[in-house]
Amino acid sequence: YFENNRCLFFEMDTDRAAVCGQCQKIIQISDTDDGGTAVFGNRVGLAAQDKNLFNLCNNDGTYETTTNKETVEFIISNDPVLSNNLTSLMTCHTNRTNPNSVPDYSITCGPQLEVEEEEYTATDTPTSVPTQITPSICFSGVTVVDTLEQGLIEMSELTINNHVRTETGEYEKVYGFLHRNVDTIGRFLKLLPSGIELSQDHLVFVEGKGPIPASRVNIGDCLTGGENVTRIKRVSSRGVFAPLTKSGTISVNGVVASNFVTFQNSKFFRIGSYETPFSYHWLCRSFQRPYQIWCSFSNSGSCEHEQYNKDGISEWAVVAMGILLRLLSGNPLILGAIFVPSVIFVSILSYPIVGVGALITLLGCFSFSWSHPYTKRAKEN
């Protein structure tokens, strides 16, 4: 919604305005009856409501020079994303210049940087080792989520304890963030026409495929909750965010996505060349479940005041990722020996019926193999 990634701010008495690029403009008028801005606007036929949003450009993106587009008939009222974007911009500016407090000019108020780059085609294949040293775990700050409290807002405005729409259409509480950094410029894949921007390792739900890495989405794939993908671009945008919900899902730009990522450019967890039947979405949600339960019942407030490292990754997530990356980079036999009991243990904690069932199945297989004639002969020899 912004051109040239630059905004200019204006003020007169208690009224404020901002113009971003050539096209987008917001005017906030505090006194719509007797204020100077309102009186002048009404006299010359300009819009003078308490909040006025305008697009000063033509359909081709060029600045309109022959028609005054700041009259009432040109007020934008049917674009909630643009409204939230410009309103948040103005709120940020007025807060940092509040005359009743010390101005904080270190706060950056402006459009989220978005630089479109080359087209992207899914050509990568699954690997048994990590696809990169630190997988990307995030959505961009300009993506939009549907909240129970505020309606549609940008991801950069989302906070712990907000309730967001998830896979089922229900709203669930955000109990934490895996990744949260408002200033980092991240690299994302932008899936069009939905416009969802997410890191290449992030899992997104595709009809007929389930939760797969964004890097493996193809042109023509139908995103769950969205439309068929017509283009995929690499972009750089400001802000990196990975909120957590109980179901492990979240609706972003109307598209259902996972809270989690893959570490092997694969939907399923791999041990060496063997692809297990466990999806990364299921595994991550299962291993995350104890922490989610802790956050739900803890009265200490520790989950509301998470600590993040310099890259914006939650401190406990850093530890967990470090362990997993070390195991994935090591001997597959060691990985398998640790993986199986870990999955059973976490399953019992997270999903008691499934976990106990898996344990009984494993014990049954072990008992069968131990009593098998071949095993007996091997023991005798």
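Reader: What is the make-up of the chain in helices and strands?
Author: The chain has 7 helices and 19 strands. Keep in mind that this is a predicted model.

Reader: How many residues are there, and what share counts as buried?
Author: There are 381 residues in the chain, and 45% of them count as buried. The accessible surface is about 19600 Å², with 55% of it belonging to carbon and sulfur atoms.

Reader: What share of the contacts with a separation of 6 or more is between residues 24 or more positions apart?
Author: That share is 61%.

Reader: Now the largest nonpolar core. Which residues touch the most other members?
Author: Phe139, Leu158, Ile196, Val204, Val217 and Leu223 do, out of 26 residues in that core. At least two residues each come from strands S11 (176-192), S12 (196-198), S13 (202-206), S15 (231-244), S16 (249-252) and S17 (255-261).

Reader: Which one gives the most?
Author: S11, with 3 residues. Apart from this core lies another one of 25 residues, which includes Ala242, Ile313, Ala317 and Val343. In general, nonpolar side chains of soluble globular proteins tend to be buried together.

Reader: Back to Leu158. What does it touch, leaving out residues up to four places away in sequence?
Author: Leu158 touches Val145, Thr147, Ile153, Val164, Val174, Phe177, Arg180 and Pro243.

Reader: On to rings. How many aromatic pairs are there?
Author: The structure has 6 aromatic pairs. One of them is Phe269 with Tyr280, whose ring centres are 5.6 Å apart; the planes are at 55°, so this pair is tilted.

Reader: Where do Phe269 and Tyr280 sit in the chain?
Author: Phe269 is in strand S18 (residues 268-271) and Tyr280 is in helix H3 (residues 280-297), 11 residues apart.

Reader: Which residues make up the cluster linked by ring pairs?
Author: Ring pairs join Phe263, Phe269, Phe278, Tyr280, Trp282 and Phe339 into a cluster.

Reader: Next, histidines. Where is His281, and what does its side chain have a polar contact with?
Author: His281 lies in helix H3. The side chains of His281 and Ser258 form a polar contact of 2.8 Å. His281 is buried, at 11% relative accessible area, and among the residues it touches are Leu203, Phe205, Thr249 and Phe260.

Reader: What lies 2.7 Å from the backbone oxygen of Ser258?
Author: A polar atom of the His202 side chain does. His202 is in strand S13 and is buried, with a relative accessible area of 0%.

Reader: Last topic, backbone geometry. Which peptide bond is cis, with omega near 15°?
Author: The bond from Leu192 to Pro193 is cis. Pro193 is in the loop between S11 and S12.

Reader: And what is phi at Asn161 and at Asn253?
Author: Asn161 has a positive phi near 85°, and Asn253 has a positive phi of about 55°. Neither is a glycine. Most residues other than glycine have a negative phi, and most peptide bonds are trans.

Reader: Where are those two?
Author: Asn161 is in the loop between strand S8 (151-154) and strand S9 (163-165). Asn253 is in the loop between S16 and S17. Asn161 counts as partly exposed at 29% relative accessibility, and Asn253 is partly exposed at 25% relative accessible area.

Methods:
Residues are numbered from 1 along each chain as its sequence is written. This is a predicted model: local features need pLDDT of at least 70, side-chain atom pairs count only at pLDDT 80 or more; totals for chains, interfaces and linings use all residues. Side-chain values use heavy atoms; hydrogens and water are left out. A nonpolar core is a set of buried Ala, Val, Leu, Ile, Met, Phe, Trp, Tyr and Cys residues joined through side-chain atoms within 4.5 Å. Buried means under 20% relative accessible area, exposed over 50%, partly exposed in between (1.4 Å probe, protein chains only). Helices (H or I, at least four residues) and strands (E, at least two) are DSSP runs, numbered from the N terminus. Contact means heavy atoms within 4.5 Å. Accessible areas come from the Shrake-Rupley method with a 1.4 Å probe; for residues, only the protein chains shown count as cover. Rings of Phe, Tyr and Trp (its six-membered ring) pair if their centres lie within 6.5 Å; planes under 30 degrees apart count as stacked, over 60 as edge-to-face and the rest as tilted. A polar contact is a pair of N or O atoms within 3.5 Å; within protein, one must be able to donate a hydrogen and the other to accept it, and residues adjacent in sequence count only if both atoms are side-chain atoms.
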